[in-house]
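Please open the structure in your viewer and keep the selection tool at hand. The tour moves from the whole chain to a few places within it.

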Amino acid sequence: MSQLTGKRLVGEAADAALLEEVDRAIGEIRRGRVVLVRSPLGDAFVGAIETLDEHGLQLFGSDESEFILVLTAPRAAAI
């Protein structure tokens with residue numbers, strides 16, 4: 001096996017693992033849970049707004065936190 005092929009397989013395995021993590025996170029959000037998304041640009045708690053009550057917003061919020069509303073096109077059309 002060449003190094004290029006080996007590196008490619010490792011990269012594909014990492015991509016598959018990342019997709020599995022994203023799929024798991026989406027499932028958790030659909031079940032009403034909040035997930036922590038980490039990236040080099042910063043971390044974020046992500047959850048469906050329907051599942052966050054006032055207590056939940058206070059729990060995850062602080063003076064330094066900023067809430068961002070993100071809608072998909074199908075969700076925006078539904079509401």
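The stops below go from the overall view to single residues.

This is a predicted model, in which local features need pLDDT of at least 70, side-chain atom pairs count only at pLDDT 80 or more, and totals for chains, interfaces and linings use all residues. Residues are numbered from 1 along each chain as its sequence is written, and side-chain values use heavy atoms, with hydrogens and water left out.

Next, colour the chain by pLDDT, the predictor's confidence in each residue, from 0 to 100. The chain averages 75, and 75% of the residues score at least 70.

Move to residues 1-5, where pLDDT stays under 50 and the model has two contacts (heavy atoms within 4.5 Å) beyond four places in sequence.

Finally, select Ile49, in the loop between β2 (42-46) and α2. Is Ile49 buried or exposed? Ile49 has a relative accessible area of 53%, so it counts as exposed, given that buried means under 20%, exposed over 50% and partly exposed in between, with a 1.4 Å probe and protein chains only. From Ile49, draw a C-alpha to C-alpha distance to Val70, which lies 21 residues away in sequence and 9.7 Å away in space.

Technical notes
Helices (H or I, at least four residues) and strands (E, at least two) are DSSP runs, numbered from the N terminus.
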